[in-house]
Amino acid sequence: MNTSLYRNIFLLFCIPTLLSVPGYCYSPEKADFSISIKNLQIPYREFAVFAVPGENLVLDVMDNESAHEYSIETALLAFLKKKRSWEVTVPLKKGRYSIAVHRIGTDQRILLNIFSTVPSSGIRDGHLNGYRIGKYPAVLTGKPFVTKPPAHYIEVTRENKDVAISPHFKLKQFLCKQQGSFPKYLVLDEVLILKLEMILEEVNSCGYPADTFHIMSGYRTPYYNKAIGNVAYSRHLWGKAADIFIDRDPLDDRMDDLNKDGTVNKKDAKILFDIVESLTEKKWYQKFLGGLGQYGSNPSHGPFVHIDSRGYRARW
């Protein structure tokens, strides 16, 4: 059976059953318009953007209805470039800043959480403000992905760790699992967040209730990545990867029994894998191509699926 036919058969039987789950109601939380910023198109009611201090960000409203008017609400200096377009300068002071774009006369709004990041120049002896980063591997040339160390980091504090970076994910979910006190630091790719939201919507439409994914591993510092014996150039080190599973019923830090066979194993990871794979045939999904891998259980974890935003197709 060829791959394309297999995916079509899979989707044919991927019938929504959410109405049969008592008390569960999933919504993708999309607005009736979208915002273009940093070469991203954001349709969600709340989203995070990670920016360099002093960077000029241009926000453009994407809406096919020309009659709609929009306003912007922010404590930052915002300059109107043209109708439905603003330029905002990211403050030099690290932290989170909010920008709300409203469709005038309606309840339609997109809230952007803009994080002014911390430069890597502050790293001393492998530590950033006391948080252990370690040393990134040597830069490789001629590779289809970036291997330079990150230039900036997102500072995560006790106060902002629960901030929503999209409708169904919070900042703290992507923190490295290493021990350490706050502030902590991470690198996170906005494309990965968009990709996870799109996959989550597809998972729910296929009848598998999930209000978020359990992020078993998000960002990894080089120090932690080496300690667990992972490959040196893992996309996790650049905030472009997440190891995920569905954990809702029961909430026990392990993959749910998705195929209802009474056992949680790699077959359940394969269901999630196949849902993601089915998206690759959609034209709009091409900009979100990346790595996709499925893993079974071992003594330290249950089955999971690896997702990344490396920019080209890879499977294992």
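Strands, labelled E and at least two residues long, are DSSP runs numbered from the N terminus, as are helices, labelled H or I and at least four residues long. All views below show a predicted model.

**View 1. A cis peptide bond joins Phe182 to Pro183.** The omega angle of this bond is near 0 degrees, and Pro183 belongs to the loop that runs between strand E16 (169-170) and strand E17 (184-186).

**View 2. The peptide bond between Asp249 and Pro250 is cis.** Here omega is about 0 degrees, and Pro250 is placed in the loop between strand E19 (241-245) and helix H4 (266-279).

**View 3. Arg84 and Asn129 are shown for their positive phi angles.** Arg84, although not a glycine, has a phi of about 65 degrees; this residue sits in the loop between strand E6 (78-82) and strand E7 (85-89) and is buried, with a relative accessible area of 13%. Asn129, likewise a residue other than glycine, has phi near 50 degrees and lies in the loop between strand E12 (127-128) and strand E13 (131-132), where Asn129 counts as partly exposed at 49% relative accessibility.

**View 4. Aromatic pairs, of which a search of the whole structure finds 9.** The ring centres of Phe50 and Phe115 are 5.6 Å apart and their planes meet at 45 degrees, so this pair is tilted. Because Phe50 lies in strand E3 (residues 46-51) and Phe115 in strand E9 (residues 109-116), the pair ties together parts that are 65 residues apart in sequence, and both residues are buried. Tyr285 and Phe288 form an aromatic pair that is also tilted, at 6.2 Å centre to centre and 45 degrees between the planes, and both of these residues are buried.

**View 5. The charged end of Arg235 sits over the ring of Trp238.** The distance from this charged end to the ring centre is 4.7 Å.

**View 6. Cysteines in a structure where a search finds 0 disulfides.** A disulfide requires a pair of cysteine sulfur atoms within 2.5 Å, whereas the sulfur of Cys25 is 17 Å from the closest cysteine sulfur, that of Cys206, and is therefore too far away for a bond. Cys25 is exposed, with a relative accessible area of 73%, while Cys176 is buried, with a relative accessible area of 4%.

Terms used:
Residues numbered from 1 in each chain as written. Predicted model: local features only at pLDDT ≥ 70, side-chain atom pairs only at ≥ 80, totals over all residues. Heavy atoms only, no water. Buried < 20%, exposed > 50% of the residue type's maximum accessible area, 1.4 Å probe, protein only. Phe/Tyr/Trp six-rings, centres within 6.5 Å; stacked < 30°, edge-to-face > 60°. Lys NZ or Arg CZ within 6 Å of the ring centre and 35° of its normal.
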